[in-house]
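The paragraphs below lead through part of one structure, strand by strand and then loop by loop. Please keep the sequence at hand while reading.

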Amino acid sequence: MRFDEFVGAYRREPGHYPHYQAEVEARLADVRRIAAQWGELLYEVLALGRAPLPQEWNAFSNQYWLWAQNHLGGVSEWATTWVEARLDELWESDAEPEEVTALLDSLAQLGSEVNFHRMNAKALPFWASLLSGQASMVGRETVEWCCLHLANEALMLAQVREDLIDDDLFFGPDGRALRGVTTGALTEIDAYIALLDLTRRDHRVLVLPGPPQFERWARSANADFLVIDTEHRRIRGVQVKSVVDRQQAERYDRARITLIDGSRDLQNNRAMRTDARRSDRHVVSWPGMIGAHYLRELKPGPLTDRWIERRRLIQLKIAARHFTGAVASQNRSAYAVVRDRVAHDLTSRSGEPG
């Protein structure tokens, strides 16, 4: 679909966020404001063909990178400390289950709002390419740099998941919201790595995380990612779900949105013990495997030496091996499924998915 036609389903201005506890709200102010700025920027590019001047972009992107590198202005560090302190208080006071559930729900809310930045901080080269019109900026090295850092994020989230399982806070009913957010975030990271195979094969095709104007408030045009053909000025939204059922599929604007199913398309399933008191296993959504296998398959060399110390990369590969265990990599298959479907929908003249 053409830029000007596609953007008709979206608004430049941010919508309204849900209200959380006062201390959580205060910490989210910059997270929300900065995310909305990215949505405004993208809207103006698509609707008006208007991009910031090079010096404006450089100042904005440099400031954003520093903010993101500082744990999103300290939000990530604060959230960890706050949750640990609150959990200690609840355990010591023999809290009611409802209080534990409320805390886990707050943590889930925080996670849902920072996930855009978790991915977008790695997407700055793609934004720069879109705004400058220089597709040559996103060669293979840029793609692999982005995938490496996305995979690192996946490992960190997977460790959080393991910690929650060890504390019996993941599979139980109290952790339903947090389980959903963690699973969703890992599924999106896996999907992003798979989608970037489009750029690896054609640097004129960019993939950006969807800012909140294009995701949170977009209803049937909700897009977790935006796949952009810079040469032909075409764009396609991509929505990622851990599992896509028929009722969900019918809610989306098929002319704009391609659905990716984490279970079927990314093959993110695994038999797990969901109750520490029982030995039987159940097949559950278990994303993060694509990110982990990406690291396992990444060979240290002159290219990776530019981005990461070799010793650190070896440590990541060992952690990835622990996470994947004996499960074989399905990355090539997942890349092909996602790549072929999205590429077809992006180039379809009718805008309807195949």
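Two strands pair if DSSP finds at least two bridges between them. Strands (E, at least two residues) and helices (H or I, at least four residues) are DSSP runs, numbered from the N terminus. This is a predicted model, in which local features need pLDDT of at least 70, side-chain atom pairs count only at pLDDT 80 or more, and totals for chains, interfaces and linings use all residues. Residues are numbered from 1 along each chain as its sequence is written, and side-chain values use heavy atoms, with hydrogens and water left out.

Start with strand S3, residues 234-241. On one side, S3 pairs with strand S2 (residues 225-229) in the antiparallel sense, over five bridges. Within this pairing, Arg-234 of S3 stands opposite Asp-229. The hairpin of S2 and S3 has four residues between the strands, and Arg-233 there takes a positive phi near 55 degrees.

S3 also pairs with strand S4 (residues 257-261), in the parallel sense and over five bridges. Here Gln-239 has Leu-259 in S4 as its bridge partner. How much of S3 is buried? Seven of the eight residues in S3 (234-241) are buried, and the strand is mostly covered. Buried means under 20% relative accessible area, exposed over 50%, and partly exposed in between, with a 1.4 Å probe and protein chains only.

Two loops remain. Most residues other than glycine have a negative phi. Arg-219, in the loop between strand S1 (205-209) and S2, has a positive phi near 50 degrees. Arg-219 counts as exposed because its relative accessibility is 76%. Gln-267 lies in the loop between S4 and strand S5 (269-272), and its phi is also positive, near 55 degrees. With 33% relative accessibility, Gln-267 counts as partly exposed.
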